[in-house]
Amino acid sequence: MLSTPMTDTQTLPVIDVAPLVAGAPGRVGVATQIGAACRAHGFFYVTGHGVDAALVRRLEDLSHRFFELPEATKMQWRMALGGRAWRGFFPLGGELTSGRPDWKEGLYLGAELPASHPLVQAKTPVHGPNLFPDVPGLRETILAYMAAVTQLGHRLMEGIALSLGLPAAYFAERYTADPLILLRLFNYPSQPVPEGLDVQWGVGEHTDYGLLTLLHQDQVGGLAVHTPGGWIDAPPIPGSFVCNIGDMLDRMTGGLYKSTPHRVKRNTSGRDRLSFPLFFDPNFEARVQRIEGLSGAQARDDSAERWDRANVHAFNGRYGDYLLAKVSKVFPQLRDEVL
Ligand SMILES: O=C(O)CCC(=O)C(=O)O
Ligand SMILES: [Fe+2]
């Protein structure tokens, strides 16, 4: 008789990462759980992460305050004004995932770099100052949130390294000493789609591009994950972050850790849905290499099954080039204006 695997494929695992965050001896056990989740789904929740609940609540309150402003006001901080830094507000339907408009609006942010910074001087895309909306407290709260969640990203990458039998600092030494950090504040309004607009999803099916995404979502729900066993929901769990691995970790691990497709249902709950994905990615200049000697890593060309028909294992080059090729597909208008 064939034995059934013990992994429950209908719910995503919830992992208490407190020992990993503390650098305590128990972190190896945490890494084992992370490894199992990455092999099974590429998605997991983390609790015990140490990010201050009051900071997250403050960011939610201030984000609601921002998104409630009239659209014309929000357009004062539109992405076109962010130039190559790729920052600012985009309106409902302004981003295309899988070629179709998403039913969300958002504020695109990243590590705050002054205009005098060498990377900004060199006109490196996706680097630069943010376009902070004029909502009192929002700027400070965004910066504090990015700092806290970036620290968590470093700890989780240590756990991922340990889970692969690598030294904890493996990724930091090669890719993330100075990670590329992008943060987005999304609002999915509970607003009907006007007749004639080709909108199906809050966010269409996609994988994330980099290493690791750390997502806070509010209590509304709608995120779903495409596992080998079918679509399953990733419902809100108060106080947790949803983590998922991106294409570059799939590439590095030869497909052992999959970047799993996901999407967000259109919000029909009657209230706005907020989510804050932070993308913890390799440095823009880093050349992404396969990790040597991982057993079970076949680097199989799975492009026929992928949402974008891409073979991530064939990618060779700087992470920044991979990112730009992707981003210019989801914001085609902006690509023409600023790049
Ligand atoms: O809003 C969400 O729950 C997910 C957003 C997402 O998948 C993304 O921005 O890559
Ligand atoms: Fe995503």
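Is Phe 276 counted as buried or exposed? At 0% relative accessibility, Phe 276 counts as buried, where buried means under 20% relative accessible area, exposed over 50% and partly exposed in between, with a 1.4 Å probe and protein chains only. The model is predicted: local features need pLDDT of at least 70, side-chain atom pairs count only at pLDDT 80 or more, and totals for chains, interfaces and linings use all residues. Residues are numbered from 1 along each chain as its sequence is written, chains are lettered from A and ligands numbered from 1 in the order in which they are written, and side-chain values use heavy atoms, with hydrogens and water left out.

The structure holds eight aromatic pairs; rings of Phe, Tyr and Trp (its six-membered ring) pair if their centres lie within 6.5 Å, and planes under 30 degrees apart count as stacked, over 60 as edge-to-face and the rest as tilted. Phe 276 forms such a pair with Tyr 145, edge-to-face, at 6.0 Å centre to centre and 80 degrees between the planes. This pair links distant parts of the chain, 131 residues apart: Tyr 145 belongs to helix H6 (residues 138-163) and Phe 276 to strand S14 (residues 273-281). Helices (H or I, at least four residues) and strands (E, at least two) are DSSP runs numbered from the N terminus. Tyr 145 is likewise buried, at 0% relative accessibility. Elsewhere, one aromatic cluster is formed by Phe 66, Phe 67, Trp 77 and Phe 89.

Because His 206 lies in strand S8 (residues 203-206) and His 262 in strand S13 (residues 262-264), the two histidines tie together parts that are 56 residues apart in sequence. His 206 is buried at a relative accessible area of 13%, and His 262 is buried at 6%.

Both of these strands belong to an open sheet of four strands, with order S8-S13-S10-S11 and antiparallel pairing; two strands pair if DSSP finds at least two bridges between them. S8 and S11 (230-233) are the edge strands, each pairing on one side only. Four bridges join strand S10 (residues 223-227) to S11, and Thr 227 has Gly 230 in S11 as its bridge partner.
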